Amino acid sequence: ARGYCTKTIFCFSSCNDVALLNDLLICSAHFDGNLRIWDMSGECAHVLSGLHAKQITSVSVSPGTTDASLLLAA
């Protein structure tokens with residue numbers, strides 16, 4: 001009935017949005033124009049850079065994919 005914070009992940013840039021990719025990975029959209037993929041332990045597994053010249057304000061996973069291989073970033 002209530003949610004509790006169980007972990008805080010400190011990232012490298014202000015985070016604007018997050019999306020759950022699957023049971024093991026989280027994607028975050030950042031002020032510095034990068035998308036970051038995190039594992040559930042809080043470690044940054046991958047950085048997708050050079051996607052936008054300015055900040056990324058939102059990220060969403062395509063509902064048609066089962067492996068979260070398509071992301072929309074704006």
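Tutor: Two strands pair if DSSP finds at least two bridges between them. Keep that in mind for this predicted model.

Student: How many bridges join S2 to S3?

Tutor: S2 covers residues 25-30, and S3 covers residues 35-39. The two strands run antiparallel. The number of bridges joining S2 to S3 is five.

Student: Which residue in the turn between S2 and S3 has a positive phi?

Tutor: S2 and S3 form a hairpin, with four residues between them.

Student: In S2, what is the bridge partner of Leu20?

Tutor: S1 spans 15-20. Five bridges join S1 to S2, and the strands run antiparallel. S1 and S2 also form a hairpin with four residues between them. The partner of Leu20 in S2 is Ile26.

Student: Is Ser13 buried or exposed?

Tutor: Ser13 is found in the segment before S1. Its relative accessible area is 13%. Buried means under 20%, so Ser13 is buried.

Student: Which backbone nitrogen lies 3.1 Å from a polar atom of the Ser13 side chain?

Tutor: Leave out residues up to four places away in sequence, and Ser13 touches His30, Phe31, Asp32 and Arg36. For one of these, the backbone nitrogen lies 3.1 Å from a polar atom of the Ser13 side chain. The nitrogen belongs to Asp32.

Notes:
Residues are numbered from 1 along each chain as its sequence is written. This is a predicted model: local features need pLDDT of at least 70, side-chain atom pairs count only at pLDDT 80 or more; totals for chains, interfaces and linings use all residues. Side-chain values use heavy atoms; hydrogens and water are left out. Buried means under 20% relative accessible area, exposed over 50%, partly exposed in between (1.4 Å probe, protein chains only). A polar contact is a pair of N or O atoms within 3.5 Å; within protein, one must be able to donate a hydrogen and the other to accept it, and residues adjacent in sequence count only if both atoms are side-chain atoms. Contact means heavy atoms within 4.5 Å.
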